[in-house]
Amino acid sequence: VTKNQTQLVASLHSILGGKQEHVVCCDSVKSINPSTTEVVVYVLLRSPTGATQRIPATDLASVLTSTNIANQLKSQMFVTNVISKVAFTSSQLSLYLDKPPVGISPVLWEQAKQENPDPVKLIPVPLVGFKAISERLRLQKEQSEAHFARVELIGKEVEDIRAVQANTLSRLQQLKRKHSELTHRVLQVMVDVEVQKKAGFSLQPEEEQLRVQLESIQQELNAPNLFKGRLSEMLSLIRMQSLAEPGNNSATQMESGVLASIHSHLTRQQDGISHLLDIIRDDLQHLEIIKQGLQEKVAA
């Protein structure tokens, strides 16, 4: 029945007259026994304005149990019974709860009412005999299986959402890298445009100040007693350590943790120097272009 649910809804809609304002909806499909299935349906009435209203279950049941439609349901859809699923009225509920069923102790009935986990939606139902208990166990098993199936479906949906999230994060990282590349290209174009605009003009005070700062950085990097001297000293210590024999207790032997710290420090220093050198080379190229522009202007 579940596989043919769409066809079932279409057939029921056709039997009810096939009116466009009627919308047949299938609420649930549950197996009662190997040869019987319970199908819960309801019908919505759609107004010309687009608003929908649910037809009462009693009205729908009275239509489905009429002679003509009941015969069509039996011959075309093999329907054996039609009942309306409605809640108890207040008077019906009070009449059911106030009087214990036959064969049930009033004390047990009162205890069942007090232990009801949801008095609004649930009512106590007596179980008499092994057949009733077996039927209740079967229904509980089916409900548990339905819950497990739903949990598995939700778990699969969560996994799909996680996969989509991972793909989205990967795509976001790619877009961030592309944005960074485009930003760098735009900055390079801005530099080239600025160089072209300033070609033939003398250096501005802030540009002259920047040139002095770059030259000062270059001098510090080339100074023998600063960065280069320290790097040379550290490299000499590392070479001495590599040439030292195992077990040598000389003053030049160092622990592995110290070597790792020196290596990490040297790596950071080298990366920083390389970055500064790249900036200086680019700025020197720009200054050279500005210088050539000034020379051409003077020559002209």
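Close-up 1. R211 is partly exposed at 22% relative accessibility (buried is under 20% relative accessible area, exposed over 50% and partly exposed in between, with a 1.4 Å probe and protein chains only). This is a predicted model, in which local features need pLDDT of at least 70, side-chain atom pairs count only at pLDDT 80 or more, and totals for chains, interfaces and linings use all residues. Residues are numbered from 1 along each chain as its sequence is written, and side-chain values use heavy atoms, leaving out hydrogens and water. R211 forms a salt bridge with E208, with 2.2 Å between the closest N and O atoms (a side-chain nitrogen of Lys or Arg within 4 Å of a carboxyl oxygen of Asp or Glu). E208 is likewise partly exposed, having a relative accessible area of 29%. Because R211 and E208 are three residues apart in helix α7 (residues 205-222), about one helical turn separates them.

Close-up 2. Look for the link between the side chains of R138 and E142, which meet in a salt bridge at 2.4 Å, N to O. R138 and E142 sit four residues apart in helix α6, about one turn of the helix (helices are DSSP runs of H or I, at least four residues, and strands of E, at least two, numbered from the N terminus). R138 is partly exposed, with 26% relative accessible area, and E142 is partly exposed too, with 24%. In the structure there are eight salt bridges.

**Close-up 3. K156 and D160 along helix α6.** The side chains of this pair meet in a salt bridge of 3.5 Å, N to O. K156 and D160 both belong to helix α6 and are four residues apart, about one turn of the helix. K156 is exposed, at 51% relative accessibility, whereas D160 counts as partly exposed, at 39%.

**Close-up 4. I133, also in helix α6.** Helix α6 spans residues 129-198 and includes I133. The relative accessible area of I133 is 39%, so I133 is partly exposed.

Close-up 5. F78 is found in the loop between α3 and α4 (90-98). Although F78 is not a glycine, its phi is positive, about 55°. F78 is exposed, with a relative accessible area of 68%. V79 lies in the loop between α3 and α4 as well, and counts as partly exposed, at 27% relative accessibility. Zoom out to find L259: its C-alpha atom is 85 Å from that of V79, and the two residues are 180 residues apart along the chain.
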